[in-house]
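Dear colleague,

Here is the structure I said I would hand over. Please open it next to this email and follow along.

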Amino acid sequence: MERLARLVIRHRRIVFGIWIALFLAGGFAAGKVPDRLGIDFSLPGQPGDTAEKHLVEAYGTSSYDTFVAVVTVPVGQTVEANKDQIAKVFSAGGSVFPKVRLVDLASTGDPAFVSDDHRTTFALMQGPQPTSFAPGPETQLDATLQKAAEGTGLTTGVTSYGLLSAGNSSNEGPSVLAETMFGALGALVVLVFVFASFLALLPLLIAAVSILTTFLLVLGLTTFSDVSFVVQFLIALIGLGVAIDYSLLVVSRWREERAHGFDNETAVITAMKTAGHAVLASGVTVAISLVALVVVPVPFLRSMGIGGMLIPLVSVAVVLTLLPAMLTSIGPRVDWPRIRHEGTASKAWTAWAKLIVRRRWIAAGVAMLVLGLLIAPVFSLKIGQAGIESLARNGPAYDALATLRAGGIESGVTTPIEVLVPSSQAQAAADAAGKVDGVQFAVIGGNDPTLAVVDVVPTKETVDSSSNKVVDEVRSAVESAVDGDVGITGAGATVGDYFSAVYDKFPYVMALIALITFVLLMRTFRSVLLPIKAVLLNLLSLAAVFGAITWFWQMGHGSEAVFNISATGALTFWLPVIIFAFLFGLSMDYEVFILARMREEYDACGNTNEAVVIGLARTGRLVTSAALILFFAFAALASSPGTDIKVMGTALGVGILIDATIVRALLVPALVSLFGPYNWWLPPVLAKVLRVEPSPLRRERAVAEPDEEPTRVSV
């Protein structure tokens, strides 16, 4: 790291030139990337995905989202008396799609399409598979229906699971740029408090270069691979927080060395050798936790893993090259006015660290008790999709669904089960499926010469592990009743596919991340015990996060009060994997920041308690500030209109706060104090394999009591 620092200082003009070029190119790329992101939720090799492909090949339409067109006749009239006019309205609505599969009263003759009061009817419409996240033809569907119904007295509406998930025009959230600016503003407030000088602007500049460079790399990635639309949010907001956090650590150490009287260049080199080394270890840990997603056979998650991996790697590259070049060139000039000084450790954090060391058993017990309370709800966790009740609370899509419900038609109409059978077996399949408990009705919605589609409408939306049981029961009933292959697709089948494709392999993902992280941290800390503790505490912290969001979102204790969203009933199937991957790496950042400094102090003083006090006193304010910066970024993410993005934003934000306070500021120092010299042990055999110096057990040097001043307060 010292050689890199000297190389950067010596060639800083070249470094400036490279990063300025990447910054400008990234600014151009940032405007192009959103149009090239996809929404590929396919699950190659899974039965539901295979059936979906057969549906697209045979009919040119997809079950990605089923649009429910609703028509209501005037008071005193019936659907049956207006059958021809209603059929024309539905046909006009279907014309907005290049291809459409329209299933209604006219095409099936089934009275199940008519409400109990005979005033409302509906049609199921499926269009082609979407190719981007941009709004498609469905945005014109409502207006087209209304225009076709003009002068007839008919009232129209459109609903679907997707439309309800997106909310409505009054529920639109800010753009990615606006969210990033909100996060940057919050970060600036924290940075001004930390530095109390114009240095507060330096981490923001580093973050801007990191974010735009990452967009440039992702633009290149989209030329040969599909990248999920979620990546743009991750780059802008997580990239903002990560780059600022890394900058904060290096700049703070630079100021500390300057306060001790070292010249500027020496301070930069020392900061790179110490804080820079911690930044490198942290960035690699975050990247590893994300790249491990490639073992999951789901393109959507793989693209998020690869795209997300670029965020910490680019941030590390910028912080370890551009930042030292800037500190060397302009650092002392922008460190004005120097209101806050780094010559001595924080008095408040020193007092806190001493209290923990003195009452380490109590501190560890309190932390474990709080974590236990947070973890408790996780045993009620359900994985699937958000229930209808937690989606839009107003707007056209909600009104259309309310009209259906008033007529006795349940919400399961938004998630029909598509059963694909040989054409000759269509009626037998429909009869068998219609008899299954939890099914409203089943009709033949398409019958080409070889492949028939039976639309099975469940009573409740099939979105999670409990409500999805009806899909398996329909599959079993149809397979018993027909000869030939049976394919099941639709929202419920997708949920089932995700369970087998993702969660069957999720333990392998966790094991891979934990193993690689353990080896990396063992080399970073030169210890066997500290990496084990770090991995276990990270898993404990993650369990607390999932417990908290289960209580807040799934059970609805707070989601309605804060976001005006009812209990979701489940967490969307892709969220736990993403939350785990990001939080495992981001939380480990703080572990590395704190323990790397404690290791440094222990090597200098030879006493664990003193190392804990000095290490926490020196890093406590930085870790807390870094956590607040990331929290502001995730709060901006939670302002997005989609429920899933809100859940992800709140989970990441709460996770960072739990980790930075209960775990890293309370439990970690207490446990390190309890373990004593065993924290630092690394036998020669392992040290040789890891290519680091061994760290034998040694008798600790006697020092002042924890409530007295430590013998060494800075390095």
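The model is predicted. The second largest pocket holds about 560 Å³ of space. It is lined by 29 residues, and those closest to its centre are Arg253, Thr274, Ala596, Arg597 and Glu600. By type, the lining splits into 13 charged, 8 polar and 8 nonpolar residues. At least two lining residues come from each of helix 10 (230-259), helix 11 (264-291), helix 19 (506-525), helix 22 (575-605) and helix 23 (608-637). Helix 22 gives the most, with 6 residues.

Helix 24 runs over residues 643-675 and has a kink of about 40 degrees centred on Val663.

Now the loops. Most residues other than glycine have a negative phi, and most peptide bonds are trans.

- Ala196 has a positive phi of about 50 degrees. Ala196 sits in the loop between helix 8 (176-195) and helix 9 (201-221), and it counts as buried because its relative accessibility, 18%, is under 20%.
- Asn564 has a positive phi near 60 degrees. Asn564 lies in the loop between helix 21 (559-563) and strand 10 (571-572), and is partly exposed at 44% relative accessible area.
- The peptide bond from Trp336 to Pro337 is cis, with omega near -5 degrees. Pro337 belongs to the loop between helix 12 (299-334) and helix 13 (347-358).

Regards

How values were computed. Residues numbered from 1 in each chain as written. Predicted model: local features only at pLDDT ≥ 70, side-chain atom pairs only at ≥ 80, totals over all residues. Heavy atoms only, no water. 1 Å grid on protein atoms, 1.4 Å probe; cavity = no way out; pocket = protein on both sides within 12 Å on 5 of 7 lines; lining within 4 Å. Points joined across faces, edges and corners; volume = space filled by probe spheres on them. Helix = DSSP H or I, 4+ residues; strand = E, 2+ residues; numbered from the N terminus. Nonpolar A, V, L, I, M, F, W, Y, C, P; charged D, E, K, R; others polar. Bend = angle between axes of the 7 residues up to and from the residue. Buried < 20%, exposed > 50% of the residue type's maximum accessible area, 1.4 Å probe, protein only.
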